[in-house]
Amino acid sequence: MLQDMSFLRSFFLYKCLFALTFWNHVSLSVEDELFTSVSNNFPEEGSNQKIKILPLLYIKSHQSKANFDWVVIQNTTESLSLSEITNDNVKKLVALLSNFRQGSRLQNLTLTNVSVDWNALMEIFQTVWHTSIEYFNISRVTQLSDIESYDFDYSGTSMKALTMKKIIITDLYFTQDDLYRVFANMNITDMTIADSEMIHMLCPSSKSQFRYLNFFKNDLTDFLFQKCDNLFQLEILILQKNKFESLRKVSFMTSHMKSLKYLDMSNNLLSHDGAGVQCQWAESLTELDLSSNQLADAVFECLPVNVRKLCLQNNQISNVPREMVELKSLEELNLASNRLADLPGCGGFPSLQFLNTEMNSILTPSVEFFQSCPSVRELQAGHNPFKCSCELQAFIRLERQSGWKLFGWPAAYVCEYPEGLRGTELKDFHLSVLACNTTLLLVTALLLTLVLVAAVAFLCIYLDVPWYVRMTWQWTQTKRRAWHSPPGDQGPVLQFHAFISYSERDALWVKNELIPNLEKGEGCVQLCQHERNFIPGKSIVENIINCIEKSYKSIFVLSPNFVQSEWCHYELYFAHHKLFSENSNSLILILLEPIPPYLIPARYHKLKALMAKRTYLEWPKERSKRALFWANLRAAISINLPKGDENRNEEID
């Protein structure tokens with residue numbers, strides 16, 4: 001009966017074992033253990049062949065929400081995740097891991113939420129060290145007791161990579177070497193200690209196998225690995241988000257790492273003041289990340305000469321100095337989020353192929369960049385405050401001709417200035433060739449100016465503008481003197497019925513016909529004639545103005561001779577000026593002889609206008625019509641002068 005019960009129990013466990021052979025990854029929490037042994041197959045009578053089954057553990061499957069109370073873990077499991085490790089169950093964990101000797105298929109182990117003493121933690125590490133596990137991840141660890149020296153056995157391990165995150169050390173007083181020596185001397189290729197407030201790490205005591213070290217988000221400083229010669233195989237070093245300050249000390253740290261290829265120093269407090277300070281980098285270093293630090297222009301004096309990929313994003317760089325060490329191998333340069341006002345030249349980067357200058361202060365990229373950087377194939381320059389101008393349009397045109405790839409085009413390239421174009425994509429911004437070609441614009445403006453000057457000069461000559469200006473000036477001066485003369489010298493405003501303007505060649509008609517018929521006939525008319533009424537000592541122009549001002553009317557005897565007389569022109573000009581200034585109907589035109597239009601000079605445009613718009617009296621050749629002529633003329637002059645003015649006129653005569 002007991003034999004039958006043993007058989008049934010073995011058969012049941014075997015079926016469970018068979019049902020779980022498809023599992024490759026198991027995540028579980030340590031609760032209990034039960035060791036047993038079963039036959040390798042259905043038991044045959046007399047058979048003593050046994051296999052050892054791993055501890056029975058409580059787990060939750062990643063493939064189902066169903067809970068399995070008790071299951072068996074096969075040796076086919078490759079990944080195992082355990083959580084909630086404490087001092088109470090650490091012995092069970094060690095017993096479990098001890099079953100995965102080298103040769104087992106288990107390669108990946110993850111422990112989370114571990115809260116144990118220092119010795120228990122070291123026992124876990126030591127146990128894992130001698131198993132088949134190659135990749136060990138441990139996170140959210142709280143070390144509870146005092147740290148003390150531990151003689152760690154590094155021999156016979158399958159371990160390749162160790163990752164530790166969020167490690168909390170509760171012991172405030174301990175010898176740092178006891179803690180850091182255990183990890184510094186591990187003979188593995190990859191190690192990560194992240195987000196653990198680690199302040200230091202020892203240099204390995206012998207030639208180290210480390211190829212990859214990641215100390216992300218700790219409190220490491222410039223003292224790390226100074227004069228450390230045992231990291232000769234290290235290729236990748238990540239020190240992101242620590243507290244490094246001196247770029248020069250970082251360079252000396254790498255100088256002992258003969259195989260270092262990649263270094264990440266981003267998000268630190270690095271600066272470099274230059275001042276002739278020499279830097280010494282590992283010659284093997286080809287990729288360097290210095291983003292999010294406090295580096296300025298002087299950083300270009302302290303860079304590895306063989307670097308191929310350089311990231312200086314989010315620093316305080318305003319200019320790339322022309323006088324700098326030539327980085328002949330540099331192919332990629334990231335200068336995004338700095339203070340650049342223009343694209344850098346490539347004098348120090350002859351092999352540059354990719355350039356990132358996003359989010360700087362570039363208003364108008366210089367077109368000289370294309371001449372300086374012939375090797376560049378991709379430019380990423382979006383999200384700058386572009387000033388849409390001719391220079392920017394020239395840059396876009398050259399970029400298209402160069403065959404480059406402008407990364408982020410067109411959405412990332414938008415006008416910021418001027419205000420009227422803000423938000424306009426550069427692809428939609430266009431200016432005319434004339435507006436952007438300074439030489440052509442100057443030539444065009446000069447030609448237009450010359451044409452305008454020529455046109456004005458022609459009009460001035462054609463319309464005799466200088467003459468009119470001169471006459472206006474003389475009339476203004478005469479009026480000014482009249483206003484400032486003593487009251488007794490100003491004389492009455494109106495003294496004559498009319499002022500006579502005529503050519504000397506028509507004087508015979510004026511003296512024999514005009515004056516006698518107006519002054520000696522009915523209604524005596526007082527006429528002002530230059531020969532008898534001009535005041536000696538005054539200029540001719542002043543006398544003309546005075547006579548016109550003192551006369552109610554101005555009679556112009558028109559003939560071909562009149563238009564040839566300069567003085568007649570003066571008199572007509574001043575009389576016409578009085579006509580408009582006083583808004584009076586003071587002009588009387590007598591056409592003594594017909595005037596052919598071609599005889600009238602261009603400057604007599606006022607005479608042409610007057611003859612076209614005003615009625616004039618034509619001297620009749622038939623004697624029978626002359627009586628009517630004189631009657632009409634008298635009627636045009638008809639005005640009663642003030643009596644005092646007549647007496648004054650008699651006195652003048």
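Modeller: Axes here are lines fitted to C-alpha atoms, and angles run from 0 to 180 degrees between N-to-C directions. The model is a predicted one. In it, helix H2 (residues 90-97) and helix H3 (residues 118-129) pack with their axes 9 Å apart, at an angle of about 10 degrees.

Biologist: Why is H2 called roughly parallel to H3?

Modeller: Angles under 35 degrees count as roughly parallel. The angle between H2 and H3 is about 10 degrees, and therefore H2 is roughly parallel to H3.

Biologist: Which residues make the contact between H2 and H3, and how many of them are nonpolar?

Modeller: H2 contributes Val90, Lys91, Leu93, Val94 and Leu97, while H3 contributes Ala120, Glu123, Ile124, Thr127 and Val128. By class, 7 residues of this contact are nonpolar, 1 is polar and 2 are charged.

Biologist: What makes the buried residues of H2 line one face of the helix?

Modeller: Val90, Leu93, Val94, Leu96 and Leu97 are the buried residues of H2. Seen down the axis of H2, they fall within an arc of 160 degrees, so they line one face of the helix. An α-helix has 3.6 residues a turn, so residues three or four places apart point the same way.

Biologist: How do you know whether Gly274 is buried or exposed?

Modeller: Buried means under 20% relative accessible area. Gly274 has 1% relative accessibility and therefore counts as buried. Gly274 is placed in the loop between strand E13 (262-264) and strand E14 (287-289).

Biologist: With which residues is Gly274 in contact, leaving aside its neighbours within four places in sequence?

Modeller: Those residues are Ala298 and Glu301.

Technical notes:
Residues numbered from 1 in each chain as written. Predicted model: local features only at pLDDT ≥ 70, side-chain atom pairs only at ≥ 80, totals over all residues. Heavy atoms only, no water. Helix = DSSP H or I, 4+ residues; strand = E, 2+ residues; numbered from the N terminus. Parallel < 35°, antiparallel > 145°, perpendicular 65-115°, else oblique. Contact = heavy atoms within 4.5 Å. Nonpolar A, V, L, I, M, F, W, Y, C, P; charged D, E, K, R; others polar. Buried < 20%, exposed > 50% of the residue type's maximum accessible area, 1.4 Å probe, protein only. Arc of directions from axis to C-beta.
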